[in-house]
Amino acid sequence: FDKILFIFSQTEKRRVNLTKQHLDKNNFNIDKNDEDLDESDDGLGKILEEEIEETEDVLIAISGFIGSMFKTHKTLVKQIVDKITTYVLPLYLKSNASNFELKMGIFIINDLIEFLGQDYLNENLWREITALLVKFCDHKEPSIRQASAYGVGLLAQFTKSGYDLLIDLIHTKAPASFPWQKKESSGCLP
């Protein structure tokens, strides 16, 4: 598992470095006039974007592999779960995380819920991921909302105790009452 995390860590460092290079290049190009830009500047940007995308694909594949390990080798993944919750999730869920980082963090959380469940994860972690997923259901990026909503569905399916926390968090996010709940209804459409 240490080798998997090492590869994951090295790939993530590469992604961060490439992203920084891409941002630096874009900031440099903003400072230049359009006339000063040449095809090599544009080509470098495309190469960096492709490398970032390839690196993100590798991270997604590693994440998928880790999820498969959760599913098929539940008794052997305690060490990797500890490292993921201690090092990887804080990295991906930090306050200034990119959309990719947030999605990766949510994907990992969803795998923890689906393949390991509440009995495997400690109560505090279960409560934290519940609050986190409900929070991100309101994110401006649709793909993050979707991944979070999927996670909330997994929580609904796999929460065995303390389900009231999930319901309370959802109620604080949902409107107090919906328009169609205001009228007395006979249960039939007009």
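A residue counts as buried when its relative accessible area is under 20% and as exposed when that value is over 50%, and these words are used in the legends below for a model that is predicted.

**View 1. Ile66 in helix 2 of the predicted model.** Ile66 is found in helix 2, which covers residues 39–72. Its relative accessibility is 7%, and because buried means under 20%, Ile66 counts as buried. When neighbours within four places in sequence are left aside, the residues in contact with Ile66 are Ile4, Ile80 and Ile84. Val77 lies 11 residues from Ile66 along the chain, and the C-alpha atoms of the two are separated by 9.0 Å.

**View 2. The whole chain, as a setting for the close-ups.** The protein has 7 helices and 0 strands, so that reading along the sequence gives the pattern α-α-α-α-α-α-α. Of its 190 residues, 35% count as buried. Among contacts with a separation of 6 or more, 67% are accounted for by residues 24 or more positions apart.

**View 3. The largest pocket and the residues that line it.** The largest pocket holds about 180 Å³ of space, and its lining is made up of Leu5, Phe8, Ser9, Glu12, Lys13, Lys83, Tyr87, Val88 and Leu91. At least two residues of this lining come from each of helix 1 (2–31) and helix 3 (78–92), and helix 1 supplies the largest share, with 5 residues. Sorted by class, the lining has 5 nonpolar, 1 polar and 3 charged residues.

**View 4. The kink in helix 4.** Helix 4 runs over residues 99–120 and has a kink of about 65 degrees, which is centred on Glu114. Of the 22 residues of this helix, 16 are buried, and helix 4 is therefore largely enclosed by the rest of the structure.

**View 5. Thr130 in helix 5.** Thr130 has its place in helix 5, which spans residues 123–136, and it counts as buried because its relative accessibility is 4%, where the limit is under 20%. A polar atom of the Thr130 side chain lies 2.7 Å from the backbone oxygen of Trp126. Apart from its neighbours within four places in sequence, Thr130 is in contact with Leu155, Leu165, Leu166 and Leu169.

**View 6. Leu166 in helix 7.** Leu166 belongs to helix 7, whose residues are 163–173, and it is buried, with a relative accessible area of 2%. Not counting residues up to four places away in sequence, Leu166 touches Thr130, Val134, Val152, Leu155 and Ala156. One of these residues, Val152, is 14 residues from Leu166 in sequence, and the distance between them in space is 8.2 Å, taken from C-alpha to C-alpha. The contact with Thr130 links this view to the previous one, where Leu166 is listed among the residues that Thr130 contacts.

View 7. His139 is placed in the loop between helix 5 and helix 6, the latter covering residues 142–158. With a relative accessible area of 17%, His139 is buried, because this value falls under 20%. The residues in contact with His139, once its neighbours within four places in sequence are left aside, are Asn99, Leu102, Ile144 and Arg145.

**View 8. Thr172, an exposed residue of helix 7.** Thr172, like Leu166, has its place in helix 7, but Thr172 is exposed, with a relative accessible area of 63%, whereas Leu166 is buried. The C-alpha atoms of Thr172 and Val134 are separated by 9.7 Å, although the two residues are 38 residues apart along the chain.

Conventions. Residues are numbered from 1 along each chain as its sequence is written. This is a predicted model: local features need pLDDT of at least 70, side-chain atom pairs count only at pLDDT 80 or more; totals for chains, interfaces and linings use all residues. Side-chain values use heavy atoms; hydrogens and water are left out. The bend at a residue is the angle between axes fitted to the seven residues ending there and the seven starting there. Helices (H or I, at least four residues) and strands (E, at least two) are DSSP runs, numbered from the N terminus. Buried means under 20% relative accessible area, exposed over 50%, partly exposed in between (1.4 Å probe, protein chains only). On a 1 Å grid over the protein atoms alone, a cavity is a set of points where a 1.4 Å probe fits but cannot get out, and a pocket is an open set with protein on both sides within 12 Å along at least five of seven lines; lining residues have an atom within 4 Å of a point. Grid points are joined across faces, edges and corners, and a volume is the space filled by probe spheres set on the points. Ala, Val, Leu, Ile, Met, Phe, Trp, Tyr, Cys and Pro count as nonpolar, Asp, Glu, Lys and Arg as charged, and the others, Gly among them, as polar. A polar contact is a pair of N or O atoms within 3.5 Å; within protein, one must be able to donate a hydrogen and the other to accept it, and residues adjacent in sequence count only if both atoms are side-chain atoms. Contact means heavy atoms within 4.5 Å.
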